[in-house]
Amino acid sequence: MEPEQRRRDAVRAARDRDLVSLWSLTVAHHTLHSTQGSRHTLRTYRNGLRFWLLFTERHAVGLLRPKADQGSLFARELEAGLLVLERERKTKADAKLGTSRPAPASGPRPLSTSSVNVYLAGARALYRALRWADATDADPFRDVKVKADQVARWDKRFPYPQLTIEVLLQTGDARHRVTVLLGAHAGLRASEMVKLKWSDVELEASRLQVLGKGNKRRWVSLSASLKRALLERRVESADLFVVGGTPEAARLRLRRICLRTNVPFLSLHALRHSAGTRLVKSGRSLQDVARHLGHASVATAEIYAKWADEGLKNELENW
């Protein structure tokens, strides 16, 4: 699209509060200028844009000329849970057309610091796109600060205990067992699991190649039990993908197994936390853990050391 046409379309979309066009512009800018961004990231960005449109409509804020404090007020309303979106319900026809139908909204509830930050990121992405289109020079979120998180990272999410993982492996088919072990042993993210192809698996070399964040590839060593599960799955599967489907479908399958076995469902990602924690407990360095899990920074792997450190607890029990 020519720059002038892009500017006119962006101005019109902002004037009409056209969600579809504004989101299209945001995705175009993000795709062109960013190397990061999974489908989950884009989904949260889109909800951030929807929250901002709701806020600006409620307070009669012009999208192209918001007042100085509007960005901070938006953050405060998110934190307080004063903004509630209608859940989007999509049919197959809606998916083809890129449209959706509103479903009943959930009740208001305060949002966590991490949720506020990701929704602000989506609103910021919109304004980067609008400035790129030369529709505005506004940056309403430049000086916005979110309240400090009162809960440490390692106190929010927890890994599945090893005994729980053993229970999960006793139920379901080979596809389910491979899914659990890809998380709990190989440390794969949900998106990495479903994108894994049989051509990425080298059973004789006991390794697999993973397409991770930012389209970065890494080699991951196979545990003996994961190798056996892959061999079992290979016999029954003629598919291109090892697990296939979507991250949402994989999470739903794990949730169903948890319900069936009376295991508390933490998340699919908690399997990955289990891998990191078990590696630290076994004496592996944080560098080894970061390399195995595909972390860009060793600092990210420090959370597994917190979960694995039972020394203080054991010491206090002897007091």
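Tutor: Of the chain's 319 residues, 41% count as buried. This is a predicted model, in which local features need pLDDT of at least 70 and side-chain atom pairs count only at pLDDT 80 or more, while totals for chains, interfaces and linings use all residues. Residues are numbered from 1 along each chain as its sequence is written, and side-chain values use heavy atoms, leaving out hydrogens and water.

Student: What makes a residue of helix 4 count as buried?

Tutor: Buried means under 20% relative accessible area (exposed is over 50%, partly exposed in between; 1.4 Å probe, protein chains only). In helix 4 (residues 70-80), Gln70, Gly71, Phe74, Ala75, Glu77, Leu78 and Glu79 are buried, so each falls under 20%.

Student: Why is a set of residues called a nonpolar core?

Tutor: Because its members are buried Ala, Val, Leu, Ile, Met, Phe, Trp, Tyr and Cys residues joined through side-chain atoms within 4.5 Å. The largest has 36 residues, and Leu22, Trp52, Phe74, Leu78, Tyr127, Leu130 and Phe141 touch the most other members. Helix 6 gives the largest share, 10 residues.

Student: What does Leu22 touch?

Tutor: Contact means heavy atoms within 4.5 Å. Not counting residues up to four places away in sequence, Leu22 touches residues including Ala13, Leu49, Leu126 and Leu130.

How values were computed:
Helices (H or I, at least four residues) and strands (E, at least two) are DSSP runs, numbered from the N terminus.
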